[in-house]
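Subject: Structure for your review

Dear colleague,

I am passing on the structure below, together with notes on what was found in it. Please read the notes with the structure open beside them.

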Amino acid sequence: MTARKVVNERRKYNTWVANETLEDYSLRYAPKSFRKWSEFLVANTALGGISFLALEAIGGSLVISYGFANSFWAILAVGLIILLAGIPITYYAAKYNIDMDLLTRGAGFGYIGSTITSLIYASFTFIFFALEAAIMAQALELYFQLPLWLGYIVCSVVIIPLVFYGVTLINQLQLWTQPIWLFLMVSPYIFVLVKEPQAWENWLHFAGRSQTGTSPFFDPLLFGAAATVSFSLIAQLGEQVDYLRFLPEKREDNRWQWWTAAMAAGPGWIILGVAKQLGGAFLATLAVTHGVSLIHAKEPTQMYLAGFQEMFASPGVVLSVTVLFVVVSQVKINVTNAYAGSLAWSNFFSRLTHSHPGRVVWLVFNVAISLALMEMGVFDTLEAVLGLYSNVAIAWVGALVADLIINKPLKLSPSYIEFKRAYLYDINPVGFGATAIASLVSILAFVGVFGDYPKAFAPFLALGMAFILSPIIAWITQGKYYIARENTLRHHHHPDSLITCSICEQDYEPADTAFCPVYDGPICSLCCSLDAHCHDTCKTPDQQPQWLRRLAVSLFPAKVSPQNGVRLIRCVGFFSLIAGILGAILGLMYYFAVLESTSILASLSVEVGEMFLFLYVLLLLPTGMGAWWLVLSEESRELAEEELDEQNLQLQTEIRDRRNAEAALQSLTHELEMRVEQRTAQLSDALSTLQQAQTKLVQTEKMSSLGQLVAGVAHEINNPVNFIHGNIDHARHYVKDLLELIDTYQQEYPQENPVIDELMEDIELDFVQEDLPKLLQSMRVGTDRIRQIVLSLRVFSRVDESEVKAVDIHEGIESTLMILSNRLKANSDRPEIQVIRDYGKLPEIECYAGQMNQVFMNILSNAIDAFEEYNHNCTYQEIAANPNQIYLRTQAIANHWIRIEIGDNGQGIPARVQEQLFDAFFTTKGVGKGTGLGLSISYEIVVDKHQGRLWCESQEGKGTYFIIEIPVHPIIGQEEVMGKEMVKQG
């Protein structure tokens, strides 16, 4: 495969193509997500397509031309062949959810080879559209006196909006009109047989224009001619398949419904088709007996006028019902013809032009061709047109059926249907070759080259040859032209998964997707079909220029350059193709307009033939000029593409180099970013370590200084206080003794002495005797208070005890409250801060008592600070109405742990602040009012030193609680923490 890469240009579809409600997945298979209709609804829609009155017209034309015996057996024989051919076609199309074109691609024709069959199928749709619309126009002419040329336009244009929304609207149309159509179609036969039983005998003995057409006689030549016309209906299988591809997936729970719908609406349509042809033949004989001429008796309008006359007495009602039935029937079939034709033309032109403007465009195109045929009088040449067409159609279907029922079971072709361009050869000689050979031979036979019998049995010859040639060619080629390369996606993706197309960037099922080496990614079947730049390099290298150059060198002398030789070869090829098509068109015109005409004399037909030949020769000159122009245009396009490819390759190389440079730059940038991140992480770790060291240093220094200060003050106060406290008892005894002595003296010496009396009055002896004991008692109370304060300071500092010791935690809390008592008591700004105690029964706790007291001090001080900050904006009365309260609660919890809760009824802490409470140096206080270390140090004391837990619970406006949990024995707590970590890791 070439290394050339194509720029991946995003394909943006127009509104019509992007809307699958309009497109119905034309050019590709119907995905599961779109197949939402029931089996009944799909089958009903497909069967609605057999309402076309061309069946009755064909039956009436056959019985008039060839008589009952020949037409009857021809219709039955052809019906049986179509029924058998439809079974494998319907099964494979419904199983793989593909239309007739995609089925043909994968069943022996190749990607471009099936283009010819698309043209065959498209021809069927516009021919029968023209026939059906002509029948409806005849009814409108009969009822409204509308000229035929105008009726053709009306009957064509009215179909377009009905088919605009595809199968979605057609489903509903067929469902609504089905009961009316069935009733009006069947009822005339019942009334005719009841009221006019001799009509049956008239049909059985009807000879028509044939001299041997009565029932006792059978003419093989007439039988073959009648079968030739009836064989044209075989292409109707394609229209049935266009709807059956929307059947839901066959499952175990719906297999009976699936098979019933597929067979009834697929090959089963011909059963009703045969009945309608025979019914048309019957009504045509009835119309003849009612006085209608043989020329007009084959018109369905005249047939059903004769039939409805037996149902209704009023001629006006008969005419109205007939026109209603004709219009309903023709609308039902022509929406199917127009829909199928739009799909066929889409497939045909998408491969030739690599463009898909939308199915709706080709809908209008198909209707326009049909209108042109109507205006040319196609209904008048019904038998000739259908007879010629049937030879090609039967050859196509014969080759297709042979591949499905012979080649696949014999493993001469793949067991599955591969329809995507990326995996198919352009031309597969199996189906394409068989169809081409069989069609050519049968057409030559049909025009009388091989005699009367081959002419009469030309479609049987086409069917037999195609059916035999397909497996023969497949055996000769060993089936190597079916698959150009292996489809890897069908083995590596679940059928229900979705794959994103690298071109249009939409999601598709694996069955609708291929891998494109040119774009190096998955590609949907539509984008693959429309790509004009890859030149199928995913399958085979382009060898055309090489073999053309070698052929030019071998054919032309050395004086002619190889380049000019290639041009001449291409010119001859284009000229031969265009001349062949032009000759076929003129030949068909001569055949239908002159040879098949009964109004042109034989001598005149020769002269007309010479005129056609002269015209053909004249047209060959501009044809040659046009062929040379096409060669030069194609060569210019190829040169432009080569230049663009070279520039594209250079651009891609430059882009690749720039991408490599960009990748290297990104790699360098990433490396630098990683280094910066590593250095930043190292600096962050160093800063964190420094902050921790600073915090510990501050804590150690603070605790050491505070402990020494408290211990020194307590020691210095303790000695004089003890001295005073101890001597007060002696002084009290001494004073008591002295007072007793004075009292005794007064009793024993009651004589008054002026000097003593004056002194007693000056010193107020009575008051001294009464107040001195009280004075001594108050001094004792004061010294007791001082001693308690000294004891609290000693308990708080714990400097005279070992670091870890079993202590009463309540004693530490109370000592802290004693120190803070001055801040708790009432003052002129607020009432007393109430301390509400709820102490539980706790064992002695092994802890760093002094450090735990520091934790209590920090938390209680913060609570008092918070009260003071909040009270600053409140009056005394407001505070008294809602007094400040501090809650102290202790309790023993499981596993030798205790819990200490210190709370307040303040305003709470915002959530954003709670996240940073225990961060070092974080504070909400003003400058100079806090260091931000109190809670951080407290957290380290509780968590790191005591293996405990410390957290805050607070809601704004509802107060704050600090909860401390520590183990009774630090070793036990440490083991429990380690055990929990092991459980988490496990």
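This is a predicted model: local features need pLDDT of at least 70, side-chain atom pairs count only at pLDDT 80 or more; totals for chains, interfaces and linings use all residues.

Residues are numbered from 1 along each chain as its sequence is written, and side-chain values use heavy atoms, with hydrogens and water left out.

The protein chain holds 36 helices and 11 strands, where helices (H or I, at least four residues) and strands (E, at least two) are DSSP runs numbered from the N terminus. Of its 986 residues, 46% count as buried; here buried means under 20% relative accessible area, exposed means over 50%, and partly exposed lies in between (1.4 Å probe, protein chains only). Among contacts in the protein chain with a separation of 6 or more, 77% come from residues 24 or more positions apart, a contact being heavy atoms within 4.5 Å.

The axes of helix α12 (residues 236-244) and helix α17 (residues 315-353) come within 10 Å and cross at roughly 85°, the axes being lines fitted to C-alpha atoms, for helices over the stretch in contact, with angles that run from 0 to 180 degrees between N-to-C directions. The helices α12 and α17 are therefore roughly perpendicular to each other (angles under 35 degrees count as roughly parallel, over 145 as roughly antiparallel, 65 to 115 as roughly perpendicular and the rest as oblique). On the α12 side the contact is made by E239, D242 and Y243, which meet I333, V335, T336, N337, Y339, A340 and L343 in α17. By class, this contact of α12 with α17 has 6 nonpolar, 2 polar and 2 charged residues, where Ala, Val, Leu, Ile, Met, Phe, Trp, Tyr, Cys and Pro count as nonpolar, Asp, Glu, Lys and Arg as charged, and the others, Gly among them, as polar.

The axes of α4 and helix α16 (residues 300-308) come within 9 Å and cross at roughly 90°, and that makes α4 roughly perpendicular to α16. In this case E56, A57 and G60 in α4 meet P300, M303 and Y304 in α16, and the residues of the contact divide into 4 nonpolar, 1 polar and 1 charged.

Turning to the rings, the structure holds 23 aromatic pairs; rings of Phe, Tyr and Trp (its six-membered ring) pair if their centres lie within 6.5 Å, and planes under 30 degrees apart count as stacked, over 60 as edge-to-face and the rest as tilted. One of the pairs is that of Y91 and Y92, which is edge-to-face, with 5.4 Å centre to centre and 80° between the planes; Y91 counts as partly exposed at 22% relative accessibility, whereas Y92 counts as buried at 13%. The rings of W258 and W259 have their centres 5.4 Å apart and their planes at 85°, so this pair is edge-to-face. Here W258 is buried, with a relative accessible area of 1%, and W259 is partly exposed at 30%. One aromatic cluster is formed by F68, F72, W73, Y189, W200, W203 and F282.

The charged end of R255 sits over the ring of W256, 5.5 Å from its centre, and that of R949 sits over the ring of W897, 4.2 Å from its centre (a charge sits over a ring if NZ of Lys or CZ of Arg is within 6 Å of the ring centre and within 35 degrees of the ring normal).

L842 is found in the loop between β6 (834-838) and β7 (845-848) and is buried, with a relative accessible area of 17%. Leaving aside neighbours within four places in sequence, L842 is in contact with I809, H810, T890, Q891, A892 and I898.

Finally, two backbone values deserve a look. N97 has a positive phi of about 55° although it is not a glycine; N97 lies in the loop between α4 (54-96) and α5 (100-109) and counts as buried at 6% relative accessibility. Q947, in the loop between α35 (934-945) and β10 (949-954), has a positive phi near 50° and is likewise a residue other than glycine.

With kind regards
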